[in-house]
Amino acid sequence: MKKLEGKIAIITGAAGGIGKGIATAYVKEGATVAIIDLNAEAGNQTIKELQEYAPESIFIQANLAEHEKLADIVKTVAEKFGKIDILVNNAHASRMNSIADTTQKDFDLSFDTGFYPTFYFMQAALPYLKETKGNIINFASGAGINGDVNQVSYAVAKEAIRASTRVAANEFGPFGINVNIIAPIAKSPGLVQWAEENPEYYQGMLSKIPMRRLGELEGDIGRVAVFLASEDSAYITGQTIMVDGGSIKMR
């Protein structure tokens, strides 16, 4: 049997990049997915690819900064499929700026698309995940753990996500719900573009990764997300899993 056979998953920011990699890994393991994204063109193309493995999978176009609508998205998925087993909060937008140049708008963008959707989706999905003893996977970043320069609005929001994940692990654990974090370094389209524009900086970054490569979206990040959504990780919760080629060794 496939590891996620019969599971229903919500994945945000899944029209491309890491979210698409996770969605692809999930449908190949038997899950049906609801992918949530702002980009309609990319979302419609991605769902066609995913439906080759999981025909009932759906795409919902949504602006995650419209927080008042997030609970309705969860309800729509639950009513269509009868349950929710997995919630993956992957979406996040931000701007790079030094502390000196960071504005309220920079913080608003990062929190409105990253932290707040993560929180409100967890809140809305809780009643359904109680029924299935489901799994939540949130996303953090080495930018927050290391305090990367020019990343303050992103780093702070990511660390807020880590903090809320630890609280959720403690509160949701008695219901049999696992809540964990993935902190990746991945070959996302945005990073690839940045590498092409900044080859010297890219090589410097790569040299600091012990495995000397970026993570594959499906093969590396997606497979860890499968593990964290499966019975194989039933006794793991509240943890930050570094899927970064050894860049950061958590203590």
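Trainee: Before we start, what should I keep in mind about the numbering and the model?

Mentor: Residues are numbered from 1 along each chain as its sequence is written, and side-chain values use heavy atoms, with hydrogens and water left out. Because the model is predicted, local features need pLDDT of at least 70 and side-chain atom pairs count only at pLDDT 80 or more, while totals for chains, interfaces and linings use all residues.

Trainee: What makes the sheet an open one, and which strands pair in it?

Mentor: Two strands pair if DSSP finds at least two bridges between them; strands themselves are DSSP runs of E with at least two residues, and helices are runs of H or I with at least four, both numbered from the N terminus. Seven strands stand in the order β3-β2-β1-β4-β5-β6-β7, with parallel pairing. The edges are β3 (58-61) and β7 (240-243), each pairing on one side only. From one strand to the next the twist averages 20 degrees, where axes are lines fitted to C-alpha atoms (for helices over the stretch in contact) and angles run from 0 to 180 degrees between N-to-C directions.

Trainee: How do you know that β2 pairs with β3?

Mentor: The cut-off is at least two bridges, and β2 (residues 32-37) has four with β3, in the parallel sense. As a landmark, A34 stands opposite I58 in β3. Strand β1 (residues 8-12) also pairs with β2 in the parallel sense, over five bridges, and there I8 stands opposite T32.

Trainee: Why is β2 called largely enclosed?

Mentor: Buried means under 20% relative accessible area, exposed means over 50%, and partly exposed is in between (1.4 Å probe, protein chains only). Six of the six residues of β2 are buried, so the strand is largely enclosed by the rest of the structure. T32, A34 and I36 point one way, V33, I35 and D37 point the other way, and all are buried.

Trainee: What span is expected of helix α1, and what span does it reach?

Mentor: The expected span is 1.5 Å times one less than the number of residues. Helix α1 (residues 17-28) has twelve residues, giving an expected 16 Å, and it reaches 17 Å from its first C-alpha to its last, which is close. Helix α1 is also mostly covered, with ten of its twelve residues buried; among them are G17, I18, A23 and Y26. After α1 comes G30, whose phi is positive, near 100 degrees.

Trainee: Why is the contact of K20 and E49 called a salt bridge?

Mentor: The term asks for a side-chain nitrogen of Lys or Arg within 4 Å of a carboxyl oxygen of Asp or Glu, so K20 and E49 qualify, at 3.0 Å from N to O.

Trainee: What is the N to O distance for E66 with K69, and for D85 with K83?

Mentor: The closest N and O atoms of E66 and K69 are 3.1 Å apart, and those of D85 and K83 are 3.2 Å apart. D85, at 4%, counts as buried, whereas K83, at 27%, counts as partly exposed.

Trainee: What makes the nonpolar surface patch a patch?

Mentor: Patch residues have over 30% relative accessible area and no salt bridge; like charges are joined within 9 Å, and nonpolar side chains (Val, Leu, Ile, Met, Phe, Trp, Tyr) within 5 Å. Areas come from the Shrake-Rupley method with a 1.4 Å probe, and for residues only the protein chains shown count as cover. Y116, F119 and Y120 make this patch, of about 240 Å². F119 lies in helix α4 (residues 104-132) and, at 32%, counts as partly exposed.

Trainee: What sets N150 and R212 apart in their backbone angles?

Mentor: N150 has a positive phi, near 65 degrees, in a residue other than glycine, and sits in the loop between α5 (142-146) and α6 (152-172). R212, also not a glycine, has a positive phi of about 60 degrees, in the loop between α8 (199-207) and α9 (217-229).
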